[in-house]
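Dear colleague,

Please find below the structure that I am handing over to you. My notes on what was found in it follow.

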Amino acid sequence: MKGPAGVGPVEDHRGREKGALVYPVFSRRSRGLSLGVNLFPDQKSCSFDCPYCEVFPFETGLRFDTALMEEALIETIGRAMHTPIRDICFSGNGEPTGSPLLFEALPATARIRERYAPGAALVLISNATGLLNDKTFEFLRGLAAGPEGLVIWLKLDAATPRWYAAINRSAVPHERLLSRIGEFAALAPVTIQTMLCTVGGMAPPAEESAAWERFVTGLAGTGGAGLRAVQLYGKARPAPEDPLAARLPDAYLEDRAASLRRRLVLAGRGSVPVEVYP
């Protein structure tokens, strides 16, 4: 299968850096074929600066265009032939909620999905910084609760300011970000995804792991929609800043998952899946 931008299914998402608006990828977290929608075909644009980020420096003369994206998405769905499409996912070369075109691109994609790939989920992968904007907050909440059934994966790499400064390196206020994640999870179901890796040779400190568990368990206990699932994943792809960030042993991820599962059981939310992707 080849996409309209000449990008075949890949394991490392590097097709995004060739300017593809839509790129097929075999995703471990989607457990199959995922069609990525890239709002930033020109260059990386993100409110985080994570040392494990796999997006290499690049620049093209391209700009995102919703009409071209629709054409590319329909063609890519057609080229999938008999391969089941697990989801259509907004991620790409940066933070999707940072693009004003998200407000037209997501509904357009939902319409195409309904017509051409009704079995596929519609997914947004976000670092949650867009939730600080009230318009974006309400827009995403509406799509999650509405017929579009938007599935939202929110990044939560750090629950303490110290680890946040190391692994996300963002100017966005950490306390405000955590508060907004909590507010959103009380209104719409979310999947929390957390990267577990070393930074500068250091694993997440014990106080970070404990704070992260408390926060995630608190999301599971919200009075609204709460926690759909938790995804713990390890560093599996090369990054421009290697070896600043590096893999942790698989056993570390499994131990963190087991600890969270025990805490969720004690909180009466043992049905929340905690998944590990080393």
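Two strands are said to pair if DSSP finds at least two bridges between them. The elements themselves are DSSP runs, numbered from the N terminus: helices (H or I) have at least four residues and strands (E) at least two. This is a predicted model, in which local features need pLDDT of at least 70 and side-chain atom pairs count only at pLDDT 80 or more, while totals for chains, interfaces and linings use all residues. Residues are numbered from 1 along each chain as its sequence is written, and side-chain values use heavy atoms, with hydrogens and water left out.

Strand S6

With strand S8 (residues 227-234), S6 is joined by 7 bridges, and the two run parallel. Here Val190 stands opposite Leu227 in S8. S6 also runs parallel to S5, to which 3 bridges join it; Trp153 stands opposite Thr191 of S6.

How many of the residues of S6 are buried? The count is 7 of the 7, so S6 is largely enclosed by the rest of the structure. Buried here means under 20% relative accessible area, exposed means over 50%, and partly exposed lies in between (1.4 Å probe, protein chains only). Val190, Ile192, Thr194 and Leu196 point one way from the strand, whereas Thr191, Gln193 and Met195 point the other way.

Helix H5

Helix H5 covers residues 174-185 and has 12 residues. From its first C-alpha to its last it reaches 17 Å, close to the 16 Å expected; the expected span is 1.5 Å times one less than the number of residues. Its buried residues are His174, Leu177, Leu178, Arg180, Ile181, Phe184 and Ala185. Seen down the axis of H5, these buried residues fall within an arc of 165°, so they line one face of the helix. The arc is that of the directions from the helix axis to the C-beta atoms. An α-helix has 3.6 residues a turn, so residues three or four places apart point the same way.

The buried residues of H5 pack against several elements, including helix H3 (134-145), strand S6 (190-196) and helix H6 (206-220). Contact means heavy atoms within 4.5 Å.

Aromatic rings

A search of the whole structure finds 3 aromatic pairs. Rings of Phe, Tyr and Trp (its six-membered ring) pair if their centres lie within 6.5 Å; planes under 30 degrees apart count as stacked, over 60 as edge-to-face and the rest as tilted.

One of the pairs, Phe103 and Phe139, is tilted, at 4.7 Å centre to centre with 50° between the planes. This pair links distant parts of the chain, with Phe103 in helix H2 (residues 102-116) and Phe139 in helix H3, 36 residues apart. Phe103 counts as partly exposed because its relative accessibility is 25%, whereas Phe139 is buried at 17%.

Another pair, Phe137 and Phe184, is edge-to-face: 5.1 Å centre to centre and 85° between the planes. Phe137 in H3 and Phe184 in H5 are 47 residues apart. Phe137 is buried at 4% relative accessibility, and Phe184 is buried at 0%.

Charges over rings

Which residue lies over the face of Phe103? Lys135 does, at 4.5 Å from the ring centre. A charge sits over a ring if NZ of Lys or CZ of Arg is within 6 Å of the ring centre and within 35 degrees of the ring normal.

Yours sincerely
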